[in-house]
Amino acid sequence: MSEQATPLWEVFIRARNGMSHRHAGSVHAADAEMALQAARDVYTRRGEGLSIWVVPSAAIIANDPDEKGEMFEPTASKIYRHPTFYELPDEVANM
Amino acid sequence: MYTQALNNPAVEAGVEDEEKLAAFQARIDREEKIEPNDWMPAAYRKTLVRQISQHAHSEVVGMLPEGNWVTRAPSLKRKAILLAKIQDEGGHGLYLYSAAETLGVSREELVDQLLTGKAKYSSIFNYPTLNWADVGAVGWLVDGAAIMNQIPLCRCSFGPYSRAMIRICKEESFHQRQGYDLLVAMMKGTAEQQEMVQDAVNRLWWPALMMFGPSDKDSKHSADSMKWKIKRFTNDELRQKFVDATVPQAKVLGISLPDPDLKLNEETGHWEHGEPDWDEFYNTIKGNGICNKQRMKDRIKAHEDGAWVREAAQAYAAKQAAKKSAA
């Protein structure tokens, strides 16, 4: 293939105000403006969004899934971070 | 839309770490989704790249038989509906290419595989759309068969494929309904229009049944796909579901289906049907169907004619980037 590859962009869409942007998929486009237009055509044909973010895929930094054990270990060993760790006296109905 | 790639020979497994393989299979058995950066056997990756990309190619080539009717749609309403449907098919192709790319293959390579004939697409798109009723019959039968295939794929073990299929299935039901609606409208018309509907169904019924791939007794290669939970039902099971769903719809429409062996088995509640012409099926897969050459010619032309647009867009982007860094 003699042609140069067209860059890849990740697409995030806010479905409505009050919601956060969520990853919808990706598109190929030469620049940011074309990426936004392509994202609109590909991912919002039925009123799926009010706001679109596009981010160059190469700019996303991700953790290594092979090391997710070490990465997320601290969360598993701190059960006192959850309200269910604490027993309430019976007299206290709700807290 | 179309999953005949599932029927291709299994990819050679190579040597894999037994422990990793067992852990991988255990994840699948627990119904965990596999995500792109997770460890996976090379054969799983290859099978998925092939299946997802062939599915994407089918969506893209599938725009051609319908595009044939855009300029001749009988009303502005039908033209707008048809354009929206074709745009969806293009969109489905793009969701699927993106899913395939997460497995480490580039869009350019995938498109190249289609255009050089290395990758296949569904046999159904090598049939012509000869009259306006074909547009309705494609929606009703072809998209109907696709939905049967695709709903179980929403639960596929590979996350990106499963998510793409969920989006696609949501949109696909519009496709089937608009097709049926078109046929209902024609059946309310003149005797000639009714004959057009019957003619379209006569020609597309068997090719639609072939979309599910060869009979289970001739399809030896789906064991891995079943084990990996890419595929959840066999070809014959899905074909039977489709026939059972479609026969009552044909009755409501007021047309007959071109199968003299079609009869209800009172005991099982299933409609028994005849065998599709498998020689025709294999011949079409091999590239000798009615429209194979025309479809590839049209795809290659569209790709080549678009080259200057892609080049211009990249040249413009490079120029803008250079300007920005200089400022």
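Mentor: In this predicted model, Arg46(A) is partly exposed, since its relative accessible area is 38%. Its partner in a salt bridge is Asp88(B), with 2.5 Å from N to O. This pair runs from one chain to the other: Arg46(A) sits in the loop between helix 1 and strand 3 (51-56) of chain A, and Asp88(B) belongs to helix 4 (residues 76-101) of chain B. The cut-off behind the first label is a relative accessible area under 20%.

Within chain B, helix 4 also carries one end of another charged pair. Glu66(B) and Lys85(B) form a salt bridge, and their closest N and O atoms are 2.7 Å apart. Glu66(B) lies in helix 3 (residues 63-67) of chain B and Lys85(B) in helix 4, so that distant parts of the chain, 19 residues apart, are linked. Here each end is buried: Glu66(B) has a relative accessibility of 3%, and Lys85(B) has a relative accessible area of 1%. To return to the pair between the chains, Arg46(A) and Asp88(B) belong to one network with Arg45(A) and Glu171(B), joined by salt bridges that share partners.

The wider contact between the chains comes next. For chain A and chain B, the rule finds five salt bridges across the interface. Another charged pair there is Glu48(A) with Arg167(B), a salt bridge whose closest N and O atoms are 4.0 Å apart. Polar contacts between chain A and chain B amount to 13 residue pairs, both residues being at pLDDT 80 or more. On the side of chain A that touches chain B, strand 2 (22-28) and helix 1 (32-43) are the elements that give two or more residues. Of these, helix 1 gives the most, with four residues. Sorted by class, that side of chain A holds ten nonpolar, four polar and seven charged residues. In total, 21 residues of chain A and 25 residues of chain B take part in the contact.

The size of an interface is often expressed as the accessible area that is lost when the parts come together. For chain A and chain B the buried area is about 2000 Å², and carbon and sulfur atoms give 47% of this.

A further pair lies within chain B, and its two loops deserve attention. Arg232(B) and Glu31(B) meet through their side chains in a salt bridge of 3.0 Å, N to O. Arg232(B) is in the loop between helix 9 (223-227) and helix 10 (235-253), while Glu31(B) is in the loop between helix 1 (18-29) and helix 2 (42-61) of chain B, so the pair ties together parts that are 201 residues apart in sequence. With a relative accessible area of 18%, Arg232(B) is buried, but Glu31(B), at 41%, is partly exposed.

A polar atom of its side chain lies 2.8 Å from the backbone oxygen of Arg155(B). If neighbours within four places in sequence are left aside, the residues in contact with Arg232(B) are Glu31(B), Pro152(B), Arg155(B) and Met226(B).

Most residues other than glycine have a negative phi. Glu31(B), however, has a positive phi near 65 degrees. In the loop between helix 9 and helix 10 of chain B, Lys229(B) likewise shows a positive phi, of about 60 degrees, although it is not a glycine.

Two remarks place these pairs in context. Over all chains, the count by this rule comes to 23 salt bridges. As for confidence, the model scores ipTM 0.84 and pTM 0.90, and chain B has a mean pLDDT of 93, with 95% of its residues at 70 or more.

Methods
Residues numbered from 1 in each chain as written. Chains lettered and ligands numbered in written order. Heavy atoms only, no water. Contact = heavy atoms within 4.5 Å. Buried area = accessible area lost by both parts, 1.4 Å probe. Polar contact = N/O pair within 3.5 Å; in protein donor to acceptor, adjacent residues only side chain to side chain. Nonpolar A, V, L, I, M, F, W, Y, C, P; charged D, E, K, R; others polar. pLDDT = per-residue confidence, 0-100. Buried < 20%, exposed > 50% of the residue type's maximum accessible area, 1.4 Å probe, protein only.
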